[in-house]
Amino acid sequence: MAEENAQRKPLLSLDWWAVLLALALATLVRAGVLKQVSW
Amino acid sequence: MATSVAWQNERRSPLAYLAKLIPGLILLAAIGLAAKWIEQSINGYAKAHHIVFPNIEYVLWAIVIGLILGNLFKIPAIFQSGIGTYEFWLKVGIVLLGSRFLVGDIWKLGGISLLLVFVEIGGSLLLMTALGRAFGLRPKLINLLAIGSAVCGVSAIIAAKGAIEADDEDVSFSIAAILALGAISLLTFPLIGHLIHLSDHAYGVWAGLAVDNTAEATAAGALFSDTAGKIAVLTKTCRNALIGFVVLGYAIYWARKGQAAAIGNKAQFLWTKFPKFVLGFLAISIAVSLGAFNPGQIKSLANLSRWAFLLTFAGVGLRTNFRELSRQGLKPFAVGVLGEVLIAVLTLGLVAGADHIWGL
């Protein structure tokens, strides 16, 4: 059971994935890959 | 929150897993784009025909379209995984929103907000506990309702569930009450804010203090104004940051009564419960304050945050199912409504006081 739970544990929590994606987007904006995101 | 955790825990290859999210993501994006289109079309029509028409924000349209689809039709299972990601987009949006705050702003507004949050949490816990006892609710259900209304809604209830070893039934009661109250807040808070002529800052702090779920607090703020939305997120983030301390207090209480496992390493417990997206929000704000981004890039980051929130608002509407909410018990809901009304009045008083002293 413990092994099964350990297997099911995600690599990173939802919060960390959100932080990683946001920082990746910020890096792309900083590098000029994402230019002038409009709204 | 439950759904968003469920979509993350599934075991499958990364590609198959991402593919499963696509239909729901397309639905969220389609609702968001339709909301933006409706807002722009109405504004364009009113302007072209010189009609004075109140600006109804895309936020409201996204929620309304989601509510209509989610309540009038049965959303096929193929969309559910993608819809469940709305909480993920909320967190991405909050981290990127850090670009709209200089560290000095966070220091000033965050400091005031944090002070108000301490009073709000203490007052809410006492109020909900007193009301729950008066209505004869089960002790752990009272705790869940108190934690949900004092800290951060569904996330706090889920965090407390394991720590105080609450029944599944109590958890679903509490979540349903908090979600129903969140939906009511979306409609009532902006109306009250306009009626009593609150400033953007004062309203934002109020929404961040009094609306329980982060998604609903963000939407309630954005429904008032863009600035109010940004302030509501900052205040709500201060509230979220304290989740660990409140849950730890209840966990120790129930462990002492022998009705929950004892907490070993308290520092580790606090770190586990701490919402990590707060760190991302601060990191982006520090980078902007240090001049790492030019004004055009800051605007792009702020717009990326708006796109992420657009997906969130569509998800808020889709997942609010009135039929399911009405199936829950009447008593917890009555305690929730009474408690939330009192908390809204208490926090409004707090905001008015803070505005008078510090000038929000």
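A residue is called buried if 20 or more other C-beta atoms lie within 10 Å of its own, exposed if 12 or fewer do, and partly exposed in between, the C-beta atoms being placed from the backbone. The model is a predicted one, in which local features need pLDDT of at least 70 and side-chain atom pairs count only at pLDDT 80 or more, whereas totals for chains, interfaces and linings use all residues. Residues are numbered from 1 along each chain as its sequence is written, and chains are lettered from A and ligands numbered from 1 in the order in which they are written.

Chain B may be taken first. Its secondary structure comes to 18 helices and zero strands, where helices (H or I, at least four residues) and strands (E, at least two) are DSSP runs numbered from the N terminus. Along the principal axes, the C-alpha atoms of chain B fill a box of roughly 65 × 50 × 40 Å. The radius of gyration of chain B is 20 Å, which agrees with the value near 21 Å that a compact globule of 360 residues would have; this radius is taken over C-alpha atoms, and the globule rule is 2.2 Å times the number of residues to the power 0.38. Buried residues make up 50% of the 360 residues in chain B. Two residues are in contact if their C-beta atoms, placed from the backbone, lie within 7 Å, and among the contacts in chain B between residues at least 6 apart in sequence, 81% join residues at least 24 apart.

The interior can be described through its nonpolar core, a set of buried Ala, Val, Leu, Ile, Met, Phe, Trp, Tyr and Cys residues joined through C-beta atoms within 7 Å. The largest such core holds 117 residues, of which Ala62(B), Ile147(B) and Ala160(B) touch the most other members. Helix α9(B) provides the largest share of this core, eleven residues. In soluble globular proteins, nonpolar side chains tend to be buried together. Leaving aside neighbours within four places in sequence, Ala62(B) is in contact with Ile31(B), Gly32(B), Ala35(B), Leu310(B), Phe313(B), Ala314(B) and Gly317(B).

Helix α5 (residues 86-97) of chain B has twelve residues, which at 1.5 Å a residue should span 16 Å, and its end C-alpha atoms are 16 Å apart, in agreement; the expected span is 1.5 Å times one less than the number of residues. Twelve of the twelve residues of α5(B) are buried, so this helix is largely enclosed by the rest of the structure. Among these buried residues are Glu87(B) and Lys91(B), along with Phe88(B) and Trp89(B).

Helix α13 (residues 243-256) of chain B has 14 residues and reaches 20 Å from its first C-alpha to its last, close to the 20 Å expected. Its buried residues are Ile243(B), Gly244(B), Val246(B), Val247(B), Tyr250(B), Ala251(B) and Trp254(B). They cover an arc of only 165 degrees around the axis, which puts them on the same side of α13(B), the arc being that of the directions from the helix axis to the C-beta atoms. On the other side of α13(B), Gly249(B) and Arg256(B) are exposed. The buried residues of α13(B) pack against α6 (103-134), α7 (139-150), α8 (153-164), α12 (226-241) and α14 (266-273) of chain B. Gly258(B), with a positive phi near 75 degrees, follows α13(B).

Leu209(B) lies in helix α10 of chain B and is buried, with 28 other C-beta atoms within 10 Å. Not counting residues up to four places away in sequence, Leu209(B) touches Leu116(B), Val117(B), Glu120(B), Thr235(B), Thr347(B) and Leu350(B). His197(B) lies in the loop between α9 (168-195) and α10 (200-210) of chain B; its phi is near 55 degrees, a positive value in a residue other than glycine, and with 8 C-beta neighbours inside 10 Å it counts as exposed.

Chain A has two helices and zero strands, and of its 39 residues, 18% count as buried. The contact between the chains takes 21 residues from chain A and 25 residues from chain B. On the side of chain A that touches chain B, the largest share, 13 residues, comes from helix α2 (residues 14-31) of chain A.
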